[in-house]
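Please open the structure in a viewer and keep the selection tool at hand.

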Amino acid sequence: AVSGMSGGILMVSAEADTKQESKEKSVKKRLIILGTGWGGISLLKELDTSQYDVTVVSPRNYFVFTPLLPSVTSGTVDARSITESVRKIARNKRKDIKYFEAECLQINVPTKTLLCRDISAIKVKGKEDFYLDYDYLVIAVGAQPNTFGVQGVKDYCHFLKEIEDAEKIHQSVVDCFETANLPHLSDDERRRLLHFVVIGGGPTGIEFAAELHDLIHEDLVELYPSLHDQVKITVIQGADHILNMFDERISKFAEKKFQRDGVEILTSCFVKGVTENELTMKDKAGQLHSIPYGLALWSTGIGTRPVVANLMEQVGQKNRRVLSTDEWLRVKGCESVYALGDCATIEQRKIMEDIEEIFKLADTDKSGTLSIKEFKDSMEQIKERYPQIDSYLKAKHSNDVLALLEEKLPRGKGSDAELCIEDLKKALCKVDSQLKIFPATAQVAAQQGEYLAKCFNQLEIGEAEEGPLRVRGSGRHRFKPFQYRHLGQFAPLGGEQAAAELPGDWVSIGRSTMWLWYSVYLSKQVSWRTRCMVFFDWSKRLVFGRDSTR
Ligand code: FAD
Ligand code: MG
Ligand code: MG
Ligand code: MG
Ligand code: MG
């Protein structure tokens, strides 16, 4: 009887278990991630996927390590060495993650529905479109090249954004050489074919120019000896320096190196139109020039994807280039929708907008003025919400919030001073100048993805105990706002030279920096497979040279 009883109890509890399990399953919130780039994949990797019913939608069933895309154009690195399968990444999570290879065409905010389309070569006629419902949506669709409406760019210029772009560029470079080598061409035609023009002097354009220079002068010159003196590389830049987002020392060094290498740099010049063999450029003086070219790369900046533009229209964010989110990456104007990476920007809260409220909260004894202690305590408390306070103090080489009161507190005295609201405004008025827009980089997108994953991992658990992201307060302010840690930025310049801007205003230039670049980029690979492949490609290049076949 005892055993029967216990068997009965066991059965009951087992039944209850399965019931609870199925209940849990149906209760799981549906989380859809759009995009398999830096933002989407870093979110997926950190996400506790057992808590959600996760679906990933992207027209590309792989991740691309974009910083090495320029190396694919020169044949240094093989295209498939820098891609990783989304299905493998999902499988490694050992949880049921759905992936659909499709493009999201439209986000319907009121109904929380997505319209998606199979845009691949093989599909079932009449069944291209399907709908998906979400509870939470994360938009990480990145951006697309921006032509700024210049005529002919779409038809005749190359872009460098996707793996196919890089492969196409490599083929075209070799094609230009093979065609220029044919016996019946005039010298002018040869020179045109061997003129490589880069429009845009930002990191991508410059890195491409450097890779191209290496490919031509280390490999192709030996294979096409008669064409050597007809090759030319030109960079056309709108601003008055190349790499102008970097430290001045780096852009100067890059300009000098390119000059030595014979790469022509035209600054303050704008391309006005492109035809099949020629582009029109306006120079500093406003004069128009015709420039014959064999291959042109357009890399002047990024623009909005249609699906994002459509969403912006729906939620009252018209006439913007990227989605506006708050510091928790939530898209302004729509609930349960998050955005990160190149398609979004964080509108950070200005301290001066909240100054009255801050004063009221700080005045704990309701005296109408702030004592030094009240000031100090409140600043310590709001530092997390307004990270610009820390950046401002850092810029002043201090970590004491009292440094904000320098004018009010001449050295050594004033500890019994009382501050009125005007004093507080004066103390904090310069702090907001430290707010910087986060750049459209892989570094930002990856950190945002990790951050959002940590938030999602705690979101459904509810008000749990203290965690790394928990701050005083509740509801909307349960999580720390996103904070970006800039780890530095590299600019490989060709010929085994690189420049790097590292945290703490540290600039490093030269051959050793290139070794740093190699090691950092190896360590940042998403999987051991790609790490080995990239390492193998680099070694192969040293021994056998770059790939020069079309
Ligand atoms: P992406 O990585 O572009 O990913 C977007 C994803 O969304 C893709 O998978 C795409 O297929 C998918 N998608 C597009 N449309 C849809 C849709 N309608 N529905 C669903 N999915 C969609 N940054 C650095 O920090 N360091 C570097 O050295 C560096 N070098 C770079 C070199 C090159 C050549 C390029 C192009 C970029 C480089 N960047 C670098 C920038 C970096 O790649 C981007 O900032 C980063 O990729 C942004 O991540 P993301 O997730 O927002 O977008
Ligand atoms: Mg992404
Ligand atoms: Mg990417
Ligand atoms: Mg298909
Ligand atoms: Mg007071």
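Contact, as the word is used here, means heavy atoms within 4.5 Å. The model is predicted, so local features need pLDDT of at least 70 and side-chain atom pairs count only at pLDDT 80 or more, while totals for chains, interfaces and linings use all residues. Residues are numbered from 1 along each chain as its sequence is written, chains are lettered from A and ligands numbered from 1 in the order in which they are written, and side-chain values use heavy atoms, with hydrogens and water left out.

**First stop: a loop residue**

Select Ser 268, in the loop that joins strand S13 (264-266) to strand S14 (270-274). Helices (H or I, at least four residues) and strands (E, at least two) are DSSP runs, numbered from the N terminus. Setting aside residues up to four places away in sequence, Ser 268 touches Gln 237, Gly 238, Ala 239, Asp 240, Lys 282, Asp 283 and Lys 284. Is Ser 268 buried or exposed? Its relative accessibility is 18%, so Ser 268 counts as buried; the term means under 20% relative accessible area, with exposed over 50% and partly exposed in between (1.4 Å probe, protein chains only).

**Second stop: the sheet**

Next, display the open sheet of five strands, which runs in the order S5-S2-S1-S9-S20 with parallel pairing. Its edge strands, S5 (98-101) and S20 (337-339), each pair on one side only. From one strand to the next, the twist averages 15 degrees. Two strands pair if DSSP finds at least two bridges between them. Strand S1 (residues 29-34) and strand S9 (residues 136-139) are joined in the parallel sense over four bridges; within this pair, Ile 33 has Val 138 in S9 as its bridge partner. Helix H2 (residues 38-46) packs on the sheet, where it touches S1, strand S2 (52-58) and S9, and its direction makes about 145 degrees with that of S1. Axes are lines fitted to C-alpha atoms, for helices over the stretch in contact, and angles run from 0 to 180 degrees between N-to-C directions.

Move to Asn 457, which belongs to helix H15 (residues 442-459). Beyond its neighbours within four places in sequence, Asn 457 is in contact with Glu 46, Leu 47, Asp 48 and Gln 51. Asn 457 and Glu 46 lie 411 residues apart along the chain, and their C-alpha atoms are separated by 8.8 Å. Asn 457 is buried, because its relative accessible area is 17%.
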